[in-house]
Amino acid sequence: MMLKDKVAVIYGAGGAIGAAIAHAFAREGARLFLTGRHRAPIDALTKEVTSAEAAEVDALDEQAVDRHLQSVIDKTGRIDISFNAVGIPNTKIQGVPLVDLDAEQFILPIATYARSYFLTARLAARRMSANKSGVIMTVTSVPARTGIPLVGGLGPAMSAVEQITRNLSVELAPKGIRVVGLRPQGMPESSTIREVFELHARAHGISWDQFHGMIASRTHTGRLTTLEEMANAAVFMASDKASAMTGTAVNLSMGSLDD
Amino acid sequence: MELSGHTILITGGSAGIGLAFARKFVELGNEVIVTGRRRSKLDEVKQLHPRLHAIHSDVSDPASIAALAAEIKRRFPKLDVLMNNAGSFIMRNLGLPSGDLVELAAEIETNINGTIRMTSALIDLIAPNKGTIINVSSALAYVPLTSAPIYSASKAAIHSYTTSLRFQLRDAGVRVVELMPPLVKTDMSAGMWDGDFKMISTDVLVAATIKALKNGALEIRVGQSSQLYWMSRIAPDIINSQLWKGSRSLIPKPQNSTGAETPSVRPPVSTDRA
């Protein structure tokens with residue numbers, strides 16, 4: 001088991017990625033603290049995985065995040081992994097050209113993703129410094145690194161997340177804390193991406209399947225990343241075996257994005 | 001029954017009849033989840049049919065069913081249609097000792113227990129959602145295919161169970177449908193002879209079933225299933241003998257010196273059991 005007895009906090013555990021990470025981390029022996037804004041899916045998740053507790057925490061609320069982390073420390077004495085899988089609905093954010101996009105909808109993802117990552121990461125880092133070890137992880141995506149039409153503010157939001165990763169790493173790695181991102185291709189197993197593909201397909205005037213085929217054809221494998229594959233990479237990156245990797249985003253784009 | 005706007009779970013949905021129904025239901029405007037036991041088949045489904053949700057699960061394993069139910073309740077709380085389709089079909093020689101008494105009951109575990117357990121695990125979602133349960137039995141519930149005696153018996157059991165289920169769930173507003181296909185051309189029937197009994201394609205089965213569901217039918221007998229039904233009532237000895245004659249050559253012969261049966265003389269492609 002690659003994460004035996006590691007204490008992991010997952011933000012956004014109610015979403016598809018958060019749940020996949022929870023399953024994978026639990027299989028590898030981690031002790032999980034699952035958080036999110038909606039209690040129901042996280043409570044349900046605790047029934048599926050061993051050794052998991054649920055809590056309602058808004059990752060944009062600094063006090064709430066801090067209180068929750070303190071409660072984790074009180075129970076376990078440490079935090080080994082902080083995993084940011086926070087996401088927001090894309091309905092008004094994607095599928096609209098930048099020249100037409102509402103300014104608030106443009107800024108919303110940039111502010112939300114940067115702030116939630118910054119808050120959860122730095123509050124975890126304070127605790128991890130005490131043990132001189134820990135891993136801070138986040139989800140990013142292909143629009144961080146390349147021009148894609150109709151993604152609105154999500155592109156810059158993901159770029160911000162990747163740059164925050166590098167800056168956190170250079171400040172925290174001397175204290176034994178690694179900071180890494182995971183960058184999959186769009187994963188239609190998640191309802192988020194199903195919706196995103198629908199938004200883009202409609203904007204292009206093609207069917208969902210056609211849009212999916214278009215994106216899949218850009219990969220070397222001819223298919224898109226699965227949640228399980230992302231979770232497998234996350235396990236490795238969270239483990240001590242990935243000690244050489246920090247300040248970087250792991251390329252899970254199936255070859256569609258060059259490093 | 002109105003056929004769009006539902007959230008539908010189909011066991012054994014990564015191939016054959018299950019996958020054919022899954023694709024049709026997506027086309028009609030439903031959210032569809034398929035489960036299967038073979039990960040390779042599920043991966044294939046994910047690539048070829050990305051609109052389908054594909055979850056690994058084995059209906060012959062109670063723990064797997066419990067885990068699936070938890071995941072479904074979390075991810076698809078609006079689930080309102082359960083199609084118990086996962087099935088296993090094996091030709092057996094009852095005159096020889098089985099080498100493996102556990103394997104002997106494989107079809108019981110998948111076909112009967114899988115259906116019963118899946119229904120039980122998800123009834124507290126289906127009932128509040130006033131949903132529908134579709135159990136796939138077979139024409140062979142009425143008259144056994146003697147070369148596949150345990151499969152046939154399992155389908156007869158499903159017929160009885162489904163009848164009871166229908167009565168029990170009537171007040172709860174849950175519709176219970178039994179689908180009884182004839183011989184259908186899939187991996188499971190590959191290599192079976194096409195002589196006395198015509199094989200139909202999954203497309204034909206799906207089309208006939210959709211029509212019947214729209215008409216509100218609760219016991220759906222497609223194609224030759226109707227004939228088997230009537231013959232089983234009017235002249236059971238005749239039809240039983242007919243199926244015996246047609247299938248006795250398919251019963252596995254003794255394969256080794258101990259005389260024990262090697263259970264499968266069916267095609268090398270393994271059935272999708274979950």
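This is a predicted model: local features need pLDDT of at least 70, side-chain atom pairs count only at pLDDT 80 or more; totals for chains, interfaces and linings use all residues.
Which residue stands opposite Asn251(A) in β7(A)?

Let me begin with chain A. Its seven strands form an open sheet, in the order β3-β2-β1-β4-β5-β6-β7, and the pairing is parallel. At the edges are β3, residues 52-56, and β7, residues 248-252, each of which pairs on one side only. On average, and with direction ignored, neighbouring strands of this sheet are turned by 20° against each other.

Now to the opening question. Strand β6 of chain A, residues 177-184, pairs with β7(A) in the parallel sense, and five bridges connect them. The residue that stands opposite Asn251(A) in β7(A) is Arg183(A).

Two helices of chain A deserve attention beside this sheet. Helix α8(A) packs on the sheet, where it touches β4, β5, β6 and β7 of chain A, and its direction makes about 165° with that of β6(A). Helix α1(A) lies across β1 (7-11), β2 (31-36), β3, β4 (81-84) and β5 (134-139) of chain A, and runs at about 170° to β2(A).

How do these two helices meet each other? In general, a packed pair of helices is described by the angle between the axes and the distance between them. Here, the axes of α1, residues 16-27, and α8, residues 227-238, of chain A come within 9 Å and cross at roughly 55°. At that angle, α1(A) counts as oblique to α8(A). The crossing in which α1(A) passes α8(A) is right-handed.

As for the residues involved, α1(A) contributes Ala16(A), Ile17(A), Ala20(A), Ile21(A), His23(A), Ala24(A) and Phe25(A), and these meet residues of α8(A) that include Leu227(A), Met230(A), Ala231(A) and Val235(A). Sorted by class, this contact has 11 nonpolar, two polar and one charged residues.

I turn next to chain B. This chain has nine helices and seven strands. The seven strands form an open sheet with parallel pairing, in the order β3-β2-β1-β4-β5-β6-β7. Its edge strands are β3, residues 53-56, and β7, residues 219-221, of chain B, each pairing on one side only. From one strand to the next, the twist averages 15°.

Leu179(B) stands opposite Ile220(B) in β7(B). Elsewhere, helix α5 of chain B, residues 106-126, packs on the sheet and touches β4 (81-84) and β5 (132-136), with a direction about 180° from that of β4(B). Helix α2 of chain B, residues 39-48, lies across β2 (31-36) and β3 of chain B, and runs at about 165° to β3(B).

What of the overall dimensions of chain B? Its C-alpha atoms fill a box of roughly 55 × 40 × 35 Å along the principal axes. For 274 residues, a compact globule would have a radius of gyration near 19 Å, and the 18 Å of chain B agrees with this.

Finally, we come to the place where the chains touch. Here, 11 residues of chain A are in contact with nine residues of chain B. On the chain A side, the elements that give two or more residues are α2 (39-48) and α7 (208-217). The largest share, five residues, comes from α2(A). By class, this side of chain A has five nonpolar, two polar and four charged residues. Thank you for your attention.

Technical notes
Residues are numbered from 1 along each chain as its sequence is written. Chains are lettered from A and ligands numbered from 1 in the order in which they are written. Two residues are in contact if their C-beta atoms, placed from the backbone, lie within 7 Å. Helices (H or I, at least four residues) and strands (E, at least two) are DSSP runs, numbered from the N terminus. Ala, Val, Leu, Ile, Met, Phe, Trp, Tyr, Cys and Pro count as nonpolar, Asp, Glu, Lys and Arg as charged, and the others, Gly among them, as polar. Axes are lines fitted to C-alpha atoms, for helices over the stretch in contact, and angles run from 0 to 180 degrees between N-to-C directions. Angles under 35 degrees count as roughly parallel, over 145 as roughly antiparallel, 65 to 115 as roughly perpendicular and the rest as oblique. A crossing is left-handed if the near helix is turned anticlockwise from the far one by less than a right angle, and right-handed if clockwise. Two strands pair if DSSP finds at least two bridges between them. The radius of gyration is taken over C-alpha atoms; the globule rule is 2.2 Å times the number of residues to the power 0.38.
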